[in-house]
Amino acid sequence: MSGILSILIKSMLVDNVVFIQYLAICPFIGMTSETGKATGMGIATSFVILLATAVTWPLYQFVMIPLGLEFLQTLIFILVIASLVQLVEFYLKKSSPGLYSSMGIYLSLITTNCAVLGVTINCISKGYNYGESIVYALGSALGFLLSMVVMSSVRSRLQTADVPKAFKGTPMLYVAAGLLSLAFLGFKGLIK
């Protein structure tokens with residue numbers, strides 16, 4: 001399998017940011033009650049993941065390393081991500097007010113979404129070049145979107161399911177999330 005395709009599939013399925021790396025659990029739980037909201041949040045976060053990677057990788061390689069500022073990686077990356085989220089928030093407010101209002105506080109929380117920061121840092125720590133980093137970010141973003149849509153589908157099915165009283169609500173949500181994580185572990189041997 002080609003290196004680029006391998007990175008894409010691995011970041012999307014084998015090392016899924018939600019089900020395997022356990023990043024971005026807050027929006028995963030908070031925004032998956034409706035498929036529309038989950039899809040909107042997944043797309044907005046995916047856009048920020050791609051933009052953040054496109055900006056942070058060259059910033060790290062061409063500014064931070066030459067100046068010896070690698071120790072500021074987390075701080076600088078968070079500042080870049082916060083700026084990008086503000087741009088996305090402004091865009092959604094103007095272009096899609098319904099989605100903007102339905103996302104509420106969760107849109108602002110993309111800034112603190114550990115998946116965005118995790119993907120940008122993983123690109124550096126894995127030693128990817130710029131192209132590989134963008135592919136890794138795309139795969140991770142698609143994996144995040146996939147996890148949001150799958151969980152929203154499971155949650156909509158759980159609303160009509162005959163669930164024991166002790167498991168109704170949040171407990172069943174966590175059981176379902178755990179089972180989905182186990183299912184994604186099945187991809188572990190797909191790419192080495």
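This is a predicted model: local features need pLDDT of at least 70, side-chain atom pairs count only at pLDDT 80 or more; totals for chains, interfaces and linings use all residues.
**Salt bridges**

Across the whole structure, a search finds two salt bridges. In one of them, the side chains of Asp 15 and Lys 188 meet at 3.2 Å, N to O. Asp 15 belongs to the loop between helix 1 (3-14) and helix 2 (25-30), while Lys 188 sits in the segment after helix 9 (170-185), so this pair ties together parts that are 173 residues apart in sequence. Asp 15 counts as buried, with a relative accessibility of 15%, whereas Lys 188 is partly exposed at a relative accessible area of 40%.

**Nonpolar core**

The largest nonpolar core has 53 residues, and the residues with the most contacts inside this core are Phe 28 and Ile 110. Two or more residues are given to the core by each of helix 1, helix 2, helix 3 (35-67), helix 4 (73-95), helix 7 (114-125), helix 8 (130-158) and helix 9. Helix 3 supplies the largest share, with nine residues. As general background, nonpolar side chains tend to be buried together in soluble globular proteins.

Around Phe 28, leaving aside residues up to four places away in sequence, the residues touched are Val 18, Phe 19, Ser 147, Met 148, Met 151 and Ala 177. Phe 28 is also a member of one aromatic cluster, which it forms with Phe 19, Phe 184 and Phe 187.

**Aromatic pairs**

The structure holds seven aromatic pairs, and two of these are set out in the table below.

| Pair | Geometry | Centre to centre | Angle between planes |
|---|---|---|---|
| Trp 57 and Tyr 130 | tilted | 5.5 Å | 55 degrees |
| Tyr 60 and Phe 77 | edge-to-face | 6.3 Å | 75 degrees |

Trp 57 lies in helix 3 and Tyr 130 in helix 8, so their pairing ties together parts of the chain that are 73 residues apart in sequence. Trp 57 counts as buried at 12% relative accessibility, whereas Tyr 130, at 36% relative accessibility, counts as partly exposed.

**Helix 7**

Helix 7 has twelve residues and reaches 16 Å from its first C-alpha to its last, which is close to the 16 Å expected at 1.5 Å a residue. This helix is mostly covered, since nine of its twelve residues are buried. The buried residues of helix 7 are Ala 115, Val 116, Leu 117, Gly 118, Val 119, Thr 120, Asn 122, Cys 123 and Ile 124, and they pack against helix 3, helix 4 and helix 8. Just after helix 7, Gly 127 takes a positive phi of about 75 degrees.

Technical notes
Residues are numbered from 1 along each chain as its sequence is written. Side-chain values use heavy atoms; hydrogens and water are left out. A salt bridge is a side-chain nitrogen of Lys or Arg within 4 Å of a carboxyl oxygen of Asp or Glu. Helices (H or I, at least four residues) and strands (E, at least two) are DSSP runs, numbered from the N terminus. Buried means under 20% relative accessible area, exposed over 50%, partly exposed in between (1.4 Å probe, protein chains only). A nonpolar core is a set of buried Ala, Val, Leu, Ile, Met, Phe, Trp, Tyr and Cys residues joined through side-chain atoms within 4.5 Å. Contact means heavy atoms within 4.5 Å. Rings of Phe, Tyr and Trp (its six-membered ring) pair if their centres lie within 6.5 Å; planes under 30 degrees apart count as stacked, over 60 as edge-to-face and the rest as tilted. The expected span of a helix is 1.5 Å times one less than its number of residues.
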